[in-house]
Amino acid sequence: MSKIKARKGAPYARILGVGGYRPVRVVPNEVILETIDSSDEWIRSRSGIETRHWANDEETVAAMSVEASGKAIADAGISAEQIGAVVVSTVSHFSQTPAIATEIADRLGTAKAAAFDISAGCAGFGYGLTLAKGMVVEGSAEYVLVIGVERLSDLTDLEDRATAFLFGDGAGAVVVGPSEEPHIGPTVWGSEGDKSATIKQTVPWDVFHTHARLRTDGEALAGELSELPLDSKGELKFPAITQEGQAVFRWAVFEMAKIAKEALEASGLTADDLDVFIPHQANERIIDSMVKTLKLPEHVTVARDVRTTGNTSAASIPLAMERLLATGEAKSGDTALVIGFGAGLVYAATVVTLP
Ligand SMILES: CC(C)(COP(=O)(O)OP(=O)(O)OC[C@H]1O[C@@H](n2cnc3c(N)ncnc32)[C@H](O)[C@@H]1OP(=O)(O)O)[C@@H](O)C(=O)NCCC(=O)NCCS
């Protein structure tokens with residue numbers, strides 16, 4: 001017999017508030033065309049993207065997170081001291097340690113909330129939401145702040161035709177707290193590591209170390225040096241996100257619609273029960289294809305934030321959610337299917353009630 005006493009939290013959890021932050025600078029396709037051979041027409045028709053936001057020096061990962069979180073906390077009608085845990089999903093915080101979540105928890109004025117980062121690419125928001133629900137129901141935190149934040153402009157190779165136009169910056173946050181009824185359905189999630197090479201960093205961070213070593217090692221290693229991403233002056237390019245666009249596109253279109261369907265079924269719902277669909281904002285053609293495969297009825301509002309926000313990875317779902325509510329396209333209490341998918345490859349889908 002175990003002598004360990006268990007703890008019980010709330011019967012269920014729900015999203016109580018949402019907030020977003022988009023950087024001040026709006027970047028139209030014309031700016032992207034300065035560095036790649038493309039056209040506004042091509043970018044719009046192949047991806048749906050018209051503009052994206054790029055952060056300035058002051059709009060750091062922490063600063064954008066604090067802005068978005070402040071709005072989410074106010075929207076939830078609680079105070080920062082009531083937050084028991086801060087979960088930050090990001091791939092663009094460039095210090096390995098400490099986690100950026102601790103700085104954010106402190107700047108928000110939480111009362112020593114537990115704080116940590118997760119790395120789950122464009123599924124990061126769904127992963128964080130799933131952890132938050134578990135914490136609220138288990139009782140390790142009454143309120144959990146889940147933040148998705150990215151400065152993908154730092155990780156974009158502006159000379160890469162396949163990705164230069166895709167990415168944007170921003171932060172989205174939600175507060176998850178106790179509920180008497182289930183307002184966050186079962187998560188359907190997973191990973192397909194056999195496809196990990198389809199979206200990746202051009203080179204790992206320690207490439208700078210390798211570069212320095214190869215440079216001092218002379219001619220014998222000149223071959224190896226030439227395999228590193230160098231610019232025209234022989235300087236090392238900063239690591240960037242690269243992808244096999246078509247392979248990722250096919251995977252998203254064929255496999256992710258099935259996952260979305262499974263999440264609906266796990267919640268005991270059908271497409272008719274939905275009010276809103278918020279897929280990861282990667283490409284509007286992927287969104288259109290999922291809408292068709294899922295046979296979503298006309299009355300379902302579909303998030304198309306990608307047009308003016310681009311792909312902001314972990315931030316894309318909470319940013320899209322915030323905008324739908326702010327514009328009145330969706331309303332509090334609506335039933336929404338959310339699905340994130342991306343680098344890993346990883347995915348997470350669930351049905352939620354909007355705050
Ligand atoms: C990136 C993406 C928009 C490219 O669209 P695509 O239709 O697959 O484009 P392809 O790479 O097949 O290229 C088609 C043609 O356009 C050309 N092309 C590629 N990039 C171009 C650009 N930026 N501008 C103009 N033409 C371009 C190619 O050279 C090719 O020409 P060809 O037919 O003469 O050979 C698309 O693959 C995509 O969205 N993939 C998934 C991205 C994603 O969601 N990633 C993140 C997941 S989290």
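This is a predicted model: local features need pLDDT of at least 70, side-chain atom pairs count only at pLDDT 80 or more; totals for chains, interfaces and linings use all residues.
Me: Is strand S14 mostly covered or exposed?
Reply: S14, residues 346–353, is mostly covered, with 8 of its 8 residues buried. Strands are DSSP runs of E with at least two residues, helices are runs of H or I with at least four, and both are numbered from the N terminus. Buried means under 20% relative accessible area, exposed over 50%, and partly exposed in between (1.4 Å probe, protein chains only).

Me: Which residues lie on each side of S14?
Reply: Val346, Ala348, Thr350 and Val352 are on one side, and Tyr347, Ala349, Val351 and Thr353 are on the other. In a regular strand the side chains alternate between the two faces of the sheet.

Me: How many bridges join S13 to S14?
Reply: There are 8 bridges between S13 (residues 335–342) and S14, which run antiparallel; two strands pair if DSSP finds at least two bridges between them. Thr335 has Thr353 as its bridge partner in S14. The two strands form a hairpin with 3 residues between them, and Gly344 in the turn has a positive phi of about 150°.

Me: And where is Phe94?
Reply: Phe94 is in the loop between strand S4 (83–89) and helix H4 (100–108). Phe94 counts as partly exposed because its relative accessibility is 35%.

Conventions:
Residues are numbered from 1 along each chain as its sequence is written. Side-chain values use heavy atoms; hydrogens and water are left out.
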